[in-house]
Amino acid sequence: IVKAPFVVHHADKFLGFERRDFFSPAERSIVVYRILQQAVYLKEGNRELFGVDELVANGTYKAAYPLHDGPYEIDRTQRPKNHRQLLRFYWASFRQWNKYQPLNEIRNYFGEKVGMYFAWTGFYTQSLFIPAIMGTLVFGYGIVIRGEDFISTEICESGKKYKMCPLCEDEGCEMYFIKDICKTAQQATSVNNPATLLFCIFMSIWVAYFLEMWKRKEAM
């Protein structure tokens, strides 16, 4: 099979041209939009004004956009009757949270750009599973050692030994003791502890791995 740009004059050379779904919904929308962009709406002597974008710009129309392919409501006891119902049934539903995305159907309906976007976000979300586990372990480790951290322990046990400058320059701002930020220091230990350094190293390696795996998936 040889692929080539579609030309109307050679339509008989393309397999399946007589079928209604020869062009995807996204391709049909693009074709109609191109026609509207080139359509002449006013002639003044040798001058011609054309394009639906001009009509929107001068206020003749408020907006111009493609309509959806039929209703999206669907009876789950019946088969989807259009692409919109198909995406609603197999994709745009919380019931399908654990299913793979129908990327081919998304591309056919919305176009390659939107299809590529959801392919990337889906792959990125799946790839975050391991970093999420590692981050949870690091956070849990920080909570466990919160009472053993030297800095936060010194702050919490300082009593009224260290007095700090006001946080603002207004007259109502008063000096405070460093012990007052005891809880803040302990909370900071949960995300800033010795395991955080290891997590940063892990993320540096994971980012390189993620980019290489996405290049491989993108080329498929």
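Student: For contacts in the chain with a separation of 6 or more, what share comes from residues 24 or more positions apart?
Tutor: Those residues account for 38% of such contacts, where contact means heavy atoms within 4.5 Å. Keep in mind that this is a predicted model: local features need pLDDT of at least 70 and side-chain atom pairs count only at pLDDT 80 or more, while totals for chains, interfaces and linings use all residues. Residues are numbered from 1 along each chain as its sequence is written, and side-chain values use heavy atoms, with hydrogens and water left out.

Student: OK, and how many helices and strands are there in the chain?
Tutor: You get 9 helices and 4 strands. Helices are DSSP runs of H or I with at least four residues, strands are runs of E with at least two, and both are numbered from the N terminus. Reading from that end, the order is α-β-β-α-α-α-α-α-α-β-β-α-α.

Student: What radius of gyration does the chain have, against a compact globule of 220 residues?
Tutor: The chain has 30 Å, whereas a compact globule of that length would be near 17 Å. The radius is taken over C-alpha atoms, and the globule rule is 2.2 Å times the number of residues to the power 0.38. The C-alpha trace spans about 90 × 50 × 40 Å along its principal axes.

Student: And what percentage of the residues is buried?
Tutor: Buried residues make up 20% of the 220. Buried means under 20% relative accessible area, exposed means over 50%, and partly exposed is in between, using a 1.4 Å probe and protein chains only.

Student: Give me a buried one. Where is S93 found?
Tutor: S93 sits in the loop between α3 (83-90) and α4 (103-110). It counts as buried because its relative accessible area is 18%. Setting aside neighbours within four places in sequence, S93 is in contact with R76 and R88.

Student: Switching to V56: why does it count as partly exposed?
Tutor: Because its relative accessibility is 27%. V56 lies in helix α2 (residues 52-57). Not counting residues up to four places away in sequence, V56 touches Y61, K62, A63 and A64.

Student: What about A188, which helix is that in?
Tutor: A188 is in helix α8, residues 182-191. With a relative accessible area of 37%, A188 is partly exposed. The C-alpha atoms of A188 and R146 are separated by 8.9 Å, and the two residues are 42 apart along the chain.

Student: On to charges. How many salt bridges does a search of the whole structure find?
Tutor: It finds 4, a salt bridge being a side-chain nitrogen of Lys or Arg within 4 Å of a carboxyl oxygen of Asp or Glu. One of them joins K13 and D12, with the closest N and O atoms 3.4 Å apart.

Student: Are K13 and D12 buried or exposed?
Tutor: Both K13 and D12 are exposed.

Student: Which residue does R47 meet in a salt bridge?
Tutor: R47 meets E44, at 3.4 Å from N to O. E44 is partly exposed, because its relative accessible area is 42%.

Student: And where do E212 and K215 lie?
Tutor: Both are in helix α9 (residues 194-219), 3 residues apart, about one turn of the helix.
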